[in-house]
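Subject: Structure for you to look at

Hello,

Here is the structure I promised you. Please open it beside this email and follow along.

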Amino acid sequence: MKKSYLIKRIIYAVFIFLIVMTLNFFIPRIGVSDPAERYYPPQGNMSEVEYEIIKQYTREQYGFDVSPFEQYLNYVNGLLHGDLGTSFRSGNPKVSELIGERLPWTLVLSVTNLIISLFIGLIIGTIAAWKRGRWQDTTLLNLSTISTALPAFFIALILSFYFGFELELFPAYTNPNMVAQFDWSFEAIRVVMYNAALPIISMSIGGIIGYGQGTRNAVIAVTNEDFILTARAKGLSRNQVIFKHTLRNAMLPIVTSLGMSISGLIGGAVIIEQIFNWNGMGTLFLEANNTNDYPLMMGIMLFMSSFAIVANLVTELFYSMLDPRVTVGERR
Amino acid sequence: MKNKLGAIGKWLGRKLMGILKPIGSFIAKLWRHPKGRLGLIVVSVLIICAIFAPLIAPYDPYDVTERAAKGLSPSWSHLLGTTITTGQDIFSMLIYGTRVSLIVGVVTGISIAFMGAIMGIIAGYVGGAPDTIIMRVVDVMLVIPTLPLTIVLTNLFGKSYLMIIFIFVLFGWTGLARVIRSLVLVLKNANYVKAAELAGASRWHIMFKHILPGVSHLLIMNTALTCAGVMVAEAGLSFLGLGDPTAISWGKMLAEAQGGGALLFGHWWWIIAPGIGIFLAVFSFMRIGLVMEEILNPRMKQSSNVYKIFKTLNNKYIEEVFAQMDEADMLKTKKAGEEA
C-alpha cells in the first residue's frame, strides 16, 4: 500500500468528519432562533413568565447564553475532550457514558449476526457456485428474491409470535434485569445468548442469503476468468486453484459488502431492538426521541456517523491491500 | 381562430402520443416476458386496490366505534377478522394500506430518478467544481445514519409522509448519482457527443438530448428497484410510528398488531396480512425492475437477479458494463486492425 494513498484517505476521512460534526451542531438549531426552545418546547399549561424562566435556566445549563459562534467553538472543544454533551435524564448523565453502557448490547446482536451471516453465507455461496444450475443453486436464487422482499422486522414479528408466544421456546421480550445483573459468569452469558437468539436469527436470515448469493456470484465470476484456466492448465490441483486463485479474488466484492455491513453495525438494528425490547443503541435512540432529549440524540448520531467513517476508511485501506490496482487508479 | 385551436390540439395530440406510445409498447414488452407478466398483474391489482379502495373495502377501516366486533377471527363477514383494540376490519385496512405504500414508493422512486439523473449528469458531464461539490455531498450523505436522522427530522418538522418522502429523496439520490456519473463519464467520450460538441450544441442541449437518453435504461430500471426498496423502508418507519399518525399503512398495522396483543392472543392473521401486503408490493416492483433490465440491457441476462441489485447498490454493476464495453471496443479495434 502506498503511503501517500493512506495519508490522502485519512485526511479525507477527517474532512468528512468535520462536515458531519458541523451538520450535527446545526440540526437541533434548524427553524428556531433560540435552541432552548428546541430543548424545552413550550407546554400548554405554562405561563409566559414561567417559560421564560425555564428557557433562561436551559440557556445557562447548556451554554446557549453566548453567541452561536462561541457555542460552536465550545461544542468542538467538548468533542476534542471526548465530551458528547449531557443528557436530559435524571442525574444528567454524560451522553458518552450512556452510549458506553448500551453499545456492548447492540454489538452482541450485530457482531454475532455478522459473523453468522458471513460464515454460513460463505459456505452456502460456495456450495451453490459448486453446484451451479442444480437445485442447490436455484433454491438459493429463489430464496434471495423472496428474502429481499420480506423486511427483517416482519420476520422478527413472525419468529417472536411462533417461537416466543406459541411454542414458548425463546423469550419474546428481553428481560430488562439481564443487563443489570450481567457479571460475566457462565450463567449470565447463557441467559444473554438465550435472549439474543430470536433477534439474531431474524437479523441473520436476510444476511445469510445475501452473503450466500454474493459469494456465489463472486466465485462464479472469478471461475470464468482466464487466469483460473491457466492455473488449471499448468496442472495445479483443484484445491490449490480454489484456495490460492479463486477465493482470494472472489473476496473483493465480499469485502465491499462487508464494509457496508460494518458501518451499519451500531445503527442497523433499531426496529429489531424495539420489537424484542433489547436494551441497545436503537432503543436508547428511540427513548431519547420520546423524551425530546436532543443532546443524547445528536450524540448518538455523531457517534454512529464517526463509526461509519472509520469503518469506510478501514474497508478502503483493506481493499487497497487486497487489490493494489485501486491505489494506482487513485493517482490518475 | 378555430384553425389555430385545431392546430394546437393536433400538436398536443402528437406530443401526447409521442409520450404514450413508448410507454404502451414497453408495457407490452413486459407483458410478453414470462417473469414480467406476474409482476405486472400484481402491480395492476395493487393500483386498482389503491384507487378504488372505498369501493373494494367492505367496511370503513377508520371506523373505531365497533365495540361489539372486537378481535373477531376471520369469517365470511370479516375476511381477515377485526382488530382486538378497536374492532377495525383488517381486510379493509389492508386494502387502504396499499395507498400509502404505492404513493410513497412511486413518488419517491420518480423523484430520486430525477434528482439522481440531474446530479449525476451535471457531475459527470460538466466536471470541475460542480463535480467535486456533488461527490463530496454524496460522501457525507453516505456516512450519516439514515434512520436516526429521519427520526430527528420528523421530531423537528412533524410526522407526515411528505416528510418521509423528502428524507428518502434527500438520501436516496446519492447512490444513483454516483452510478449515473460513472456512466456519463464514458458517454462523454462517445463519438456522437463529440460530434454534437463540434457542431456547436449547447451544454444543456447535449446533456438532455444526448446524454440523458444514454442513461435512461439505467434510470427506468433503477426507479422500479428504488420503489421496492422505499416500500420496505417506509414500512419500517411506519412501524416505528414516524408516518402520518392518521393514515393507515401496512407498517403501522404491524405495529398496532404487536402493541394490540395479536401475538399474545394468537391472532396470526393480523400479523400475516400486512406482511403479505408488503411482500407482494415489494416483490412485484422488484420483478418489474429486473425484467426491465433484461429487456433494456440484454447483455446482462446471464448473472443472477439479486446480485444485480446488490451490485447496483455497490456501483459494481456499472463497472461490469464498462468492462463489457471496453471488451467490445477492443474487439472492434482488433477487427479494424485486422481488416486494415
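Contact here has a cut-off: the C-beta atoms of two residues, placed from the backbone, lie within 7 Å. Helices are DSSP runs of H or I with at least four residues, strands are runs of E with at least two, and both are numbered from the N terminus. Nonpolar covers Ala, Val, Leu, Ile, Met, Phe, Trp, Tyr, Cys and Pro; charged covers Asp, Glu, Lys and Arg; the others, Gly among them, are polar.

Two numbers describe such a pair. Packed helices are described by the angle between their axes and the distance between the axes. Helix α13 (residues 281–290) and helix α14 (residues 294–322) of chain A pack at about 145°, with axes 8 Å apart. The axes are lines fitted to C-alpha atoms, for helices over the stretch in contact, and angles run from 0 to 180 degrees between N-to-C directions. The crossing of α13(A) and α14(A) is left-handed. Left-handed means that the near helix is turned anticlockwise from the far one by less than a right angle; clockwise would be right-handed.

**How to read the model**

This is a predicted model, in which local features need pLDDT of at least 70, side-chain atom pairs count only at pLDDT 80 or more, and totals for chains, interfaces and linings use all residues. Residues are numbered from 1 along each chain as its sequence is written, while chains are lettered from A and ligands numbered from 1 in the order in which they are written.

**The two chains**

Chain A has 15 helices and zero strands. Its C-alpha trace spans about 85 × 60 × 40 Å along its principal axes. Of its 332 residues, 34% count as buried. A residue is buried with 20 or more other C-beta atoms within 10 Å of its own, exposed with 12 or fewer, and partly exposed in between; the C-beta atoms are placed from the backbone. Take the contacts in chain A with a separation of 6 or more: residues 24 or more positions apart account for 71% of them.

Chain B has 14 helices and zero strands. In chain B, 42% of the 340 residues are buried. For its contacts with a separation of 6 or more, the share from residues 24 or more positions apart is 74%.

**Helices on their own**

The expected span is 1.5 Å times one less than the number of residues. After α3(A) comes A:G63, with a positive phi near 70°. α6(A) also has 15 residues, and reaches 22 Å from its first C-alpha to its last, close to the 21 Å expected. Its buried residues are A:L140, A:S144, A:T148 and A:A149.

**A pair within chain B**

Helix α4 (residues 90–126) and helix α5 (residues 128–143) of chain B have axes that come within 7 Å and cross at roughly 135°. That makes α4(B) oblique to α5(B). Angles under 35 degrees are roughly parallel, over 145 roughly antiparallel, 65 to 115 roughly perpendicular, and the rest oblique. This crossing is left-handed.

**Where the chains meet**

How many residues does each chain bring to the contact? Chain B brings 39 and chain A brings 43. On the side of chain B that touches chain A, α12(B) gives the most, with eight residues. That side divides into 28 nonpolar, nine polar and two charged residues.

α14(A) returns here. It packs with α6(B) at about 155°, with axes 10 Å apart. That makes α14(A) roughly antiparallel to α6(B). A:M297, A:I300, A:M301 and A:M304 of α14(A) make the contact with B:P148, B:L149 and B:V152 of α6(B). The residues are seven nonpolar, no polar and no charged.

Finally, look at A:P151, in the loop between α6 (135–149) and α7 (152–166) of chain A. Is A:P151 buried or exposed? A:P151 is buried, because 25 other C-beta atoms lie within 10 Å. Leaving aside neighbours within four places in sequence, A:P151 is in contact with B:V232, B:A235, B:G236 and B:I278.

Best wishes
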